[in-house]
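Hi everyone, thanks for coming. Please have a look at the sequence and the structure on the screen, and then I'll walk you through them.

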Amino acid sequence: YSEKLLKEERLVYFIHKIFVELKLIKHIGYVEFSNQLLESKIMTLEKEQKKDRNIAYAINCIANEFILPESATNWKKDMVDYFEIKDFEKKINPSEENKNEIDKEIDDIISLAKMNSF
């Protein structure tokens, strides 16, 4: 499944870093996270309270940068539905001055991933 989803399989590390280390979701180990993300297992990820805007921003950034173009739209929709993100489109493009610390950390992780891959 990962060959059909990610530009590079090792990008799972950075996606885990975004969702787990930035505390957008409740802690889950890397292997279990990877299995749920890549193997279409039933997802048990739990979002943290009051993180919908950050999760929406993360989903959009990950879809644009790490997911294969032919899979990005479906993956984004699946994730938005799974996390029950309301008004997704309004939450994904904060202006530079409206970005909070987590948004900036997401940007930094994505930049780091891009420097070290594709």
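Let me begin with a question: among contacts in the chain between residues at least 6 apart in sequence, what percentage join residues at least 24 apart? The figure is 69%, where contact means heavy atoms within 4.5 Å. Before I go on, a word on the source: this is a predicted model, where local features need pLDDT of at least 70 and side-chain atom pairs count only at pLDDT 80 or more, while totals for chains, interfaces and linings use all residues. Residues are numbered from 1 along each chain as its sequence is written, and side-chain values use heavy atoms, with hydrogens and water left out.

Now the overall picture. The chain has seven helices and zero strands; these are DSSP runs numbered from the N terminus, with H or I over at least four residues for helices and E over at least two for strands. The radius of gyration is 13 Å, close to the 13 Å that the globule rule gives for 118 residues, so the chain is as compact as a globular protein of that length. That radius is taken over C-alpha atoms, and the rule is 2.2 Å times the number of residues to the power 0.38. The C-alpha trace spans about 35 × 30 × 25 Å along its principal axes. Of the 118 residues, 48% count as buried, meaning under 20% relative accessible area, with exposed over 50% and partly exposed in between (1.4 Å probe, protein chains only).

Next, a pair of helices. Helix α2 (residues 11–21) and helix α4 (residues 52–65) pack at an angle of about 175°, and their axes are 11 Å apart. Axes here are lines fitted to C-alpha atoms over the stretch in contact, and angles run from 0 to 180 degrees between N-to-C directions. α2 and α4 are therefore roughly antiparallel, the word for angles over 145 degrees, with under 35 roughly parallel, 65 to 115 roughly perpendicular and the rest oblique. On the α2 side the contact uses I15, I18 and F19, and on the α4 side I55, A58, I59 and I62.

Finally, helix α5. Its buried residues include W75, M79 and V80. Let's stop at S71, which sits in α5. Is S71 buried or exposed? S71 is buried, with a relative accessible area of 15%. Leaving aside residues up to four places away in sequence, S71 touches K4 and L5. S71 and L5 are 66 residues apart in sequence, yet 5.9 Å apart in space, C-alpha to C-alpha.
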